[in-house]
Amino acid sequence: MDGIAPKAIITDQDRAMKNAIAIVFPESRHRLCLWHILKKVPEKLSSYASYKSGMKNALMKCVYDTQTVDEFEKCWDHFITSYKLHENAWLSSLYTEREYWVPAFLKDCFWAGMSTTQRSESMNAFFDGYVHAKTNLKEFVDQFDSALKKKVESENNADFHSFSVTIPCISRSPIEKRFQELYTNAKFREVQMQLTGIIDLDPELLKRDGAVKTYLIEDEVRVEEFSKSVTFSVDFSEENTDAKCSCGLFQMRGILCRHILAVFKCNGIKSLPEKYILDRWRKDIKRRYTLIDTSYDAGDQRPDASRYASLLKICYQMITHAAGSKKHTEDVTHKLHAMIELYTENQEPPSISLTGSNVGCTQNDTGTVGSSKQVLSPLVVRGKGRPPSLRRASRMEKDMRRVKGKTKKAELKRKQREGGDIPGQDTCRNLFGPSEVDISNVGYVHTY
């Protein structure tokens, strides 16, 4: 990350990690995974008689329905007092660390819409269909390149789609038109979802303090199949067109909420300030990893990667000669910045790669991308990796296995008596023509 500390970190409730992050990244905002915390609620509180009759809902209201720190403090105090939970050690520890996990305390930081560690855990999906528990090291290296190739091609396809396919605007708003021009199609759809919600909103001016206006906006929020009315507040400055909503959508997810957009409409704002356009959602931003030269590049199949590699070599030569002199370094820096501005202003739409997404990979009958080499069945070749499970089998499981074993032996004897085919009889087929391992069901945890 070029020596720059991350602005935000999400972990589970590991005490050692929390202490280490405070030392190494003192300026980073640390958050505890909300999913890991709330999944413990039944275990910690289900023993109370009032758990199902209202305690659980009251706790979730404290977590999700409070918009400010003061609201949370009042709601939590009422929750603890109502259900007499002052002696509960788990809830006391959660309250002590409330600034690390309660959403009301975390709205001042950008989280890209994340409140859990699912991005880390879902990296398993990057290798889904390419490796499995019994993949050896040599095969893993080959398959890593195949997985990276697929990711790069997906990125190129998405870029090409964003430049070549235009999602029509749903209004005549110049703000929507601006988002349409700059954002990727996926993010523009999210913006449009907020724009459609403006129709039902009627901002009410609460007070005015100099150039700052405070609006109250009543909105209907849907939770699964239920809906409830929630009042949000928006502070709007006429001087610098700065707006902040109590829902915290822009601060946390980087998308302007419908409440701020409704206030902009009330005040006749036609031009969108640049601070509300994030570079991370723009379609003209080139992701550097798509230009990395890898073993799957062949000839002129990816000309952009070839050009990237050749320019990199020239830059290394230039840097080697220029770094020895302070005067030359300043001259190079000035010229490079001028070149960056020039090429940024004259960006061309990306050209889509023509290589197939499965080059260098085999594909089984189910359409699952497999390995570049045939993978032997685990019935024939036992992997040297971790065992399938380290859990001790219960007595019932052992008895069930014994019964299944006896059933299989009885079935084999019956077939021998009847003169039928015996399982495992075709030894040559098992040794020299094993079926490919079906890795389509390799799973991963993906929570949001």
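Modeller: Let's start with a term: "buried" means under 20% relative accessible area, "exposed" means over 50%, and "partly exposed" is in between (1.4 Å probe, protein chains only). This is a predicted model, where local features need pLDDT of at least 70, side-chain atom pairs count only at pLDDT 80 or more, and totals for chains, interfaces and linings use all residues. Residues are numbered from 1 along each chain as its sequence is written, and side-chain values use heavy atoms, with hydrogens and water left out.

Biologist: Got it. How many salt bridges are there?

Modeller: Side chains of opposite charge can pair when their charged atoms come close. Here we ask for a side-chain nitrogen of Lys or Arg within 4 Å of a carboxyl oxygen of Asp or Glu. That rule gives twelve salt bridges.

Biologist: Let's take Glu 97. Which side chain does Glu 97 meet in a salt bridge?

Modeller: Arg 15, at 3.0 Å from N to O. Glu 97 is in the loop between α6 (89–96) and α7 (118–121), while Arg 15 belongs to helix α1 (residues 15–24), so this pair ties together parts 82 residues apart in sequence. Helices (H or I, at least four residues) and strands (E, at least two) are DSSP runs, numbered from the N terminus.

Biologist: Is Glu 97 buried or exposed?

Modeller: Buried, with a relative accessible area of 11%. Arg 15, at 49%, counts as partly exposed. A network of salt bridges links Arg 15, Lys 18 and Glu 97.

Biologist: What about Glu 238: which salt bridge does Glu 238 make with Arg 208?

Modeller: Their side chains meet at 2.6 Å, N to O. Glu 238 sits in the loop between β5 (226–237) and β6 (242–245) and Arg 208 in strand β3 (residues 204–209), so parts 30 residues apart in sequence are tied together. Glu 238 also meets Lys 213 in a salt bridge, at 3.0 Å from N to O. Lys 213 lies in strand β4 (residues 212–223), so that pair ties together parts 25 residues apart in sequence. Glu 238 is partly exposed at 36% relative accessibility, whereas Lys 213 is buried at 10%.

Biologist: And how many bridges join β5 to β6?

Modeller: Strands pair if DSSP finds at least two bridges between them. β5 and β6 have four, and they run antiparallel. Ser 237 stands opposite Asp 242 in β6. The two strands form a hairpin with four residues between them, and Thr 241 in the turn has a positive phi of about 55 degrees.
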